[in-house]
Amino acid sequence: MVTVTHPPVTRCRPRLIATDLDGTLLRDDKSVSARTVAALAAAERAGVEVFFVTGRPARWMHVVSDHVHGHGLAICANGAAVVDLHSGRRIVQVRELPVDAAREVVAALREAVPGSTFAVERTGGMHYEPHYSPLFEDDPGASVAPVEKLLSEDCGHAAEPVLKLLVRHGRWEPDAFLELARAAAGHLAEVTRSSPSSLLEISGLGVSKASTLARCCAERGIHPEEVVAFGDMPNDLEMLDWAGASYAMANAHPDVLAATTGRTLSNNEDGVATVIEELLAS
C-alpha cells in the first residue's frame with residue numbers, strides 16, 4: 001500500500017504549487033476529480049498560486065481551463081509557452097525552438113535512428129509527416145508533408161514559431177529511444193519524453209518545465225524553496241529537482257521515483273489533492 005511521504009524540507013505552507021497534468025493531476029480518463037478541484041481552489045484561497053506545468057499545447061488545456069482561479073497561467077509544451085487560461089488559452093510568452101536547430105536535430109536523428117517520423121508543433125497547431133501516427137482530430141488546419149518541408153520557409157506556417165518537434169519510432173523501447181536521441185542530438189536541443197510509447201519531445205536548448213517555471217517564479221519573487229512540485233515522467237525531472245519540495249506519483253516512471261524523496265498516491269487516487277490538503281492543514 002502506498003502512503004504519502006513528505007520531503008524533509010516540507011515544513012510550512014508553500015507559495016506556489018507546480019503540477020504536471022497527464023498521469024499526475026488528471027485521472028487516466030483525463031478528468032479532474034471533484035476532490036482535486038476543491039483542493040486547488042482551497043490552495044488559491046489560502047494565497048498559494050497554482051501553476052499547471054505540462055507537455056500539452058495550449059489548445060489542449062480545456063481539461064483544466066474551468067478549474068483555474070486567481071492567476072490563470074499555465075506553462076505548456078514543456079516550457080516553450082506560457083498560456084493565459086482566462087483569455088481563451090492565449091499564448092503570452094514563447095520560448096521557441098529555432099528552425100535551424102530543428103533542421104539539425106532532424107538530420108541527426110535521421111542518421112542515428114532510421115525510421116523515425118516527425119511532427120512539428122507550432123504556436124498555431126501541429127503539422128505531420130505522412131507516416132506519423134496517430135494524427136490528432138482536433139488539428140483541422142494541420143498540413144502533412146516531409147518534415148524538411150514543414151520546416152521550410154515556404155511551408156505556409158513559417159510565421160508561427162516552432163515550440164517543439166515530436167518524434168516517433170515503431171521499434172525502439174521508449175527509454176532506449178530517448179537515450180539514443182539524446183546522444184545524437186542532445187547538444188542541439190532538449191530531448192525528453194512524457195508518453196508511455198516511443199514518442200520523444202524536443203524543445204529549444206535550455207527550454208524545460210524547470211527553466212520556464214524558474215522564470216515565472218522569479219517574476220513573482222518566489223524562491224525554489226517556496227515551491228512544491230508534482231510529476232510522473234522524465235519531462236518532469238528538472239522541475240522536480242528545481243523545486244524545494246517534490247512529490248512523485250505512485251504511478252511515476254522509475255527515474256522519477258528514484259529522483260524524489262516525496263511520494264504520494266497515484267493520479268487515479270487524487271495524490272496531488274491529498275498532499276495539498278495536508279499542506280494546507282499544517
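Student: Which residue forms a salt bridge with Arg193, and how far apart are the closest N and O atoms?

Tutor: A salt bridge is a side-chain nitrogen of Lys or Arg within 4 Å of a carboxyl oxygen of Asp or Glu. Here Arg193 forms one with Asp175, and the closest N and O atoms are 2.5 Å apart. Arg193 lies in the loop between β9 (189–192) and β10 (199–204), whereas Asp175 belongs to helix α6 (residues 174–185), so the pair ties together parts that are 18 residues apart in sequence. Helices (H or I, at least four residues) and strands (E, at least two) are DSSP runs, numbered from the N terminus. This is a predicted model, in which local features need pLDDT of at least 70, side-chain atom pairs count only at pLDDT 80 or more, and totals for chains, interfaces and linings use all residues. Residues are numbered from 1 along each chain as its sequence is written, and side-chain values use heavy atoms, with hydrogens and water left out.

Student: Is Arg193 buried or exposed?

Tutor: Buried means under 20% relative accessible area, exposed over 50%, and partly exposed in between (1.4 Å probe, protein chains only). At 4% relative accessibility, Arg193 counts as buried. Asp175 is partly exposed, with a relative accessible area of 28%.

Student: Where does Asp236 lie, and where does its partner Lys209 lie?

Tutor: Asp236 forms a salt bridge with Lys209, with 2.5 Å between the closest N and O atoms. Asp236 is in the loop between β11 and α8 and Lys209 is in helix α7, so this pair ties together parts that are 27 residues apart in sequence. Asp236 is buried, with a relative accessible area of 0%, and Lys209 is buried at 1%. Asp20, Lys209 and Asp236 are linked in a network of salt bridges.

Student: What covers the buried residues of α7?

Tutor: Contact means heavy atoms within 4.5 Å. The buried residues of helix α7 (residues 209–219) include Lys209, Leu213 and Cys216. Their cover includes β1 (16–19), β2 (49–53), β3 (73–76), β4 (81–84), β11 and α8 (237–242).

Student: How many aromatic pairs are there?

Tutor: Rings of Phe, Tyr and Trp (its six-membered ring) pair if their centres lie within 6.5 Å; planes under 30 degrees apart count as stacked, over 60 as edge-to-face and the rest as tilted. The count is 2 aromatic pairs. Tyr128 and Tyr132 form a tilted pair, 5.6 Å centre to centre with 40° between the planes, and both residues are buried. The ring centres of Phe230 and Tyr247 are 5.3 Å apart and their planes are at 20°, so the pair is stacked. Phe230 lies in strand β11 (residues 227–231) and Tyr247 in strand β12 (residues 245–249), so the pair ties together parts that are 17 residues apart in sequence.

Student: Into which domains is the protein divided, and what is the area buried between domain 1 and domain 2?

Tutor: Domain bounds come from an automatic or database domain assignment. The division gives domain 1 (16–95 + 208–281) and domain 2 (99–203). Their contact takes 14 residues from domain 1 and 18 residues from domain 2. Buried area is the accessible area (1.4 Å probe) that two parts lose on being put together, summed over both. Between these domains it is about 1,300 Å², of which carbon and sulfur atoms give 54%. The count between domain 1 and domain 2 is 1 salt bridge.
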